[in-house]
Amino acid sequence: MNHTVQTFTPASTDRSPNYEMLKEEHEVATLGAPHNPAPPTSTVIHIRSETSVPDHVVWSLFNTLFMNSCCLGFIAFAYSVKSRDRKMVGDLTGAQAYASTAKCLNLWALILGIVMTILLIIIPILILQAYQ
């Protein structure tokens, strides 16, 4: 296999090329490219997923439409939307704070809604049994 070597030496230099430059040109000419005896290294980049902060929008919407006792469902929905906005901006700490508040409000709205539903069923039954 024939190799032709072309070296570039600038015409305006007054000093002779040093040993390292000549050695590197020789390696490139004979081997093709310098080879390192060390194994190649790799870089790992960890990307955090954005789904780590739940925003509870669906739960808040359900509580707003069906069990909106004391307007807790609507307030929880507002905090859920704020949490989703913070998550889209990249503020995971703020998103977590709003999501925690929305979760607490949703729990209270659900508990109060269930208690009120049970009372609306039991009280009329007790009143009807009292009159019979």
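1. Cysteine 71 is placed in the loop between H2 and H3. In this predicted model, the phi angle of cysteine 71 is near 60°, a positive value in a residue other than glycine. Most residues other than glycine have a negative phi. The relative accessibility of cysteine 71 is 45%, and the residue therefore counts as partly exposed.

2. Histidine 56 belongs to the loop between helix H1 (19-31) and helix H2 (57-65).

3. On the overall architecture, the protein chain contains four helices and zero strands. Their order along the sequence is α-α-α-α.

4. As to burial and surface, the protein chain has 132 residues, of which 17% are buried. Its accessible surface is about 11100 Å², and carbon and sulfur atoms account for 65% of that area.

5. Contacts were also considered by sequence separation. Taking those in the protein chain between residues at least 6 apart in sequence, 63% join residues at least 24 apart.

6. Which aromatic pairs does the structure hold? The search of the whole structure returns two. One of them is formed by phenylalanine 62 and phenylalanine 66, in a tilted arrangement with 5.0 Å from centre to centre and 45° between the planes. Phenylalanine 62 has a relative accessible area of 37% and so is partly exposed. Phenylalanine 66, at 61% relative accessibility, counts as exposed, because the cut-off for that class is over 50%.

7. The other pair joins tyrosine 79 and tyrosine 98; this pair is tilted too, with 5.8 Å between the centres and 45° between the planes. The tyrosine pair links distant parts of the chain, since tyrosine 79 lies in helix H3 (residues 72-89) and tyrosine 98 in helix H4 (residues 92-131), 19 residues apart. Tyrosine 79 has a relative accessible area of 27%, which makes this residue partly exposed. Tyrosine 98 is also partly exposed, at 28% relative accessibility.

8. What lies over the face of tyrosine 79? The residue in question is lysine 82, at 5.3 Å from the ring centre. The ring of tyrosine 79 thus takes part in the tilted pair with tyrosine 98 and has lysine 82 over its face.

Definitions and conventions:
Residues numbered from 1 in each chain as written. Predicted model: local features only at pLDDT ≥ 70, side-chain atom pairs only at ≥ 80, totals over all residues. Heavy atoms only, no water. Helix = DSSP H or I, 4+ residues; strand = E, 2+ residues; numbered from the N terminus. Buried < 20%, exposed > 50% of the residue type's maximum accessible area, 1.4 Å probe, protein only. Contact = heavy atoms within 4.5 Å. Areas by Shrake-Rupley, 256 points an atom, 1.4 Å probe, with all protein chains shown as cover. Phe/Tyr/Trp six-rings, centres within 6.5 Å; stacked < 30°, edge-to-face > 60°. Lys NZ or Arg CZ within 6 Å of the ring centre and 35° of its normal.
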